[in-house]
Amino acid sequence: MKKMPVLFFALFLLTGCWDQNQLKDNRIVNGISFDTAEESDHILGTVRAIDIRGAGGGKFEVSDEVYVSEKESVSQLETDLQNKVSGNMDVGKAFIMIIGGDLAQKKGINSLIEPILRSTNGYISSRIVISEGKGNEILSLKHSDSPIVFEVDNLLIGGTKGTYIPEETIFTVWNDISDKTKDVILPYIKKDDQDNLLLAGSALFNGDRFTGDTLTTTQTSLLLLLRNEMGKRAKLSIDTEEFSQPITLAIESAKTKMDVKKQNGKVTCTITADLEGRILSYYEENPSDSIKHLNQLASKKITKQAKELTDLLIKANSDALGIAKEVSVNYHESWDPKKWKREYQQVEIKPKVKVKIMGTNNMQ
């Protein structure tokens, strides 16, 4: 059982209006995880909850607790977990859902998020992440500074601002999966040998199932730029034999156009991206390269990175760029959603990136 700082808890309560009876009678769940259980047809469900007990004199004792259950469905898990908790289990503030990669790959995620969406107590703005290994192992971590769900949340907030991961919630994921013309990508996290949490990149999906393929944070940044989903900032690195160390670009603006053509049953997708940015790191002692040359070099290298990325999407059969949406709208008569995933394997994606460096102090 882990004690929580009084100040932190006071701030937490500002997110809603509670009276003393509500506080004593509720176990406020702030994180949920789902994993494969030992029995193949069961789900391992874990919740992280705040337990509030009266300490007399109008004061409260607050602890952070973990509850675990194994059942066949989310509804059964909810019932069983409620029976293990004294008081009402309030999931209305469960803002993190961690799904183990194995479960997401074998069973998909629709059956996990649908009960939450349809529940009157569910929190549709919960962030969803895929974990390497079991989500239970992450949710059960005992860190001294704050409950682990808040550490996960801080990772996700920083990741979305830096364009390292997509910003997705239960609601947006459900909409995208239901639409069937664009595959989702979800944040991918893991822990190291010292139980430190790491933002590893993103997990690729085919429909509601994790493909088992992941992107690094750098690859995810490039994909989000190609999707016109830049956060407050973004960085890209260029590694070339011409320089002793990689060049890092801070991207300030990104405009992307996608042109999808279908001829004789063959789909071609041309993506044109215009990036503007500034050089953050350039380690050459005697830089002699002009900005014009660096523009050409950066454009060539990032175009190559984009091609490697889109080839990976095709290999994983993950339409994360939403090419299906363009085909379904512009070629509606020949559009067949049942055949699309086979057709997608034959799509030719042609990315072309143009980089404009706005300037740096040590080059002309």
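This is a predicted model: local features need pLDDT of at least 70, side-chain atom pairs count only at pLDDT 80 or more; totals for chains, interfaces and linings use all residues.
How many of the 10 residues of helix H9 (residues 217-226) are buried?

**Helix H9.** I found that seven of the 10 residues of H9 are buried, so the helix is largely enclosed by the rest of the structure. I listed the buried residues as Thr220, Ser221, Leu222, Leu223, Leu224, Leu225 and Leu226. After H9 I came to Asn228, where phi is positive and near 60 degrees.

**The whole chain.** I then stepped back to the protein, in which I counted 12 helices and 14 strands. Of its 364 residues, 48% count as buried.

**Helix H10.** I checked the length of H10 (residues 291-315) against expectation: at 1.5 Å a residue, its 25 residues should span 36 Å, and the end C-alpha atoms are 36 Å apart, which agrees. Just after H10, I noted that Asn317 has a positive phi of about 55 degrees.

**Ser69.** Next I turned to Ser69, which I placed in strand S4 (residues 59-71).

**Leu280.** I looked up Leu280 after that, and its place is in strand S13 (residues 266-281). With a relative accessibility of 52%, Leu280 counts as exposed, because the cut-off for that class is over 50%. I noted that the C-alpha atoms of Leu280 and Ile247 are separated by 7.6 Å, although these two residues are 33 residues apart along the chain. When neighbours within four places in sequence are left out, the contacts of Leu280 are with Lys235, Thr248 and Ala250.

**Largest pocket.** I finished with the pockets, and the largest holds about 290 Å³ of space. Of the 23 residues that line this pocket, I wrote down Ile32, Val74, Glu78, Val91 and Ile116 as the closest to its centre. The elements that give two or more residues to the lining are strands S2 (26-36), S3 (43-56) and S6 (96-100), together with helices H3 (74-84) and H5 (110-118). Which element gives the largest share of this lining? I found that it is H3, with five residues. Sorted by class, the lining of the largest pocket has 15 nonpolar, seven polar and one charged residues.

**Second largest pocket.** For the second largest pocket I noted a volume of about 230 Å³. It is lined by 15 residues, of which Lys180, Thr181, Asp183, Gly207 and Lys341 are the closest to its centre. Helix H8 (170-179) and helix H12 (340-344) are the elements that give two or more residues to this lining. I divided the residues of the lining into six nonpolar, three polar and six charged.

Terms used:
Residues are numbered from 1 along each chain as its sequence is written. Side-chain values use heavy atoms; hydrogens and water are left out. Helices (H or I, at least four residues) and strands (E, at least two) are DSSP runs, numbered from the N terminus. The expected span of a helix is 1.5 Å times one less than its number of residues. On a 1 Å grid over the protein atoms alone, a cavity is a set of points where a 1.4 Å probe fits but cannot get out, and a pocket is an open set with protein on both sides within 12 Å along at least five of seven lines; lining residues have an atom within 4 Å of a point. Grid points are joined across faces, edges and corners, and a volume is the space filled by probe spheres set on the points. Ala, Val, Leu, Ile, Met, Phe, Trp, Tyr, Cys and Pro count as nonpolar, Asp, Glu, Lys and Arg as charged, and the others, Gly among them, as polar. Buried means under 20% relative accessible area, exposed over 50%, partly exposed in between (1.4 Å probe, protein chains only). Contact means heavy atoms within 4.5 Å.
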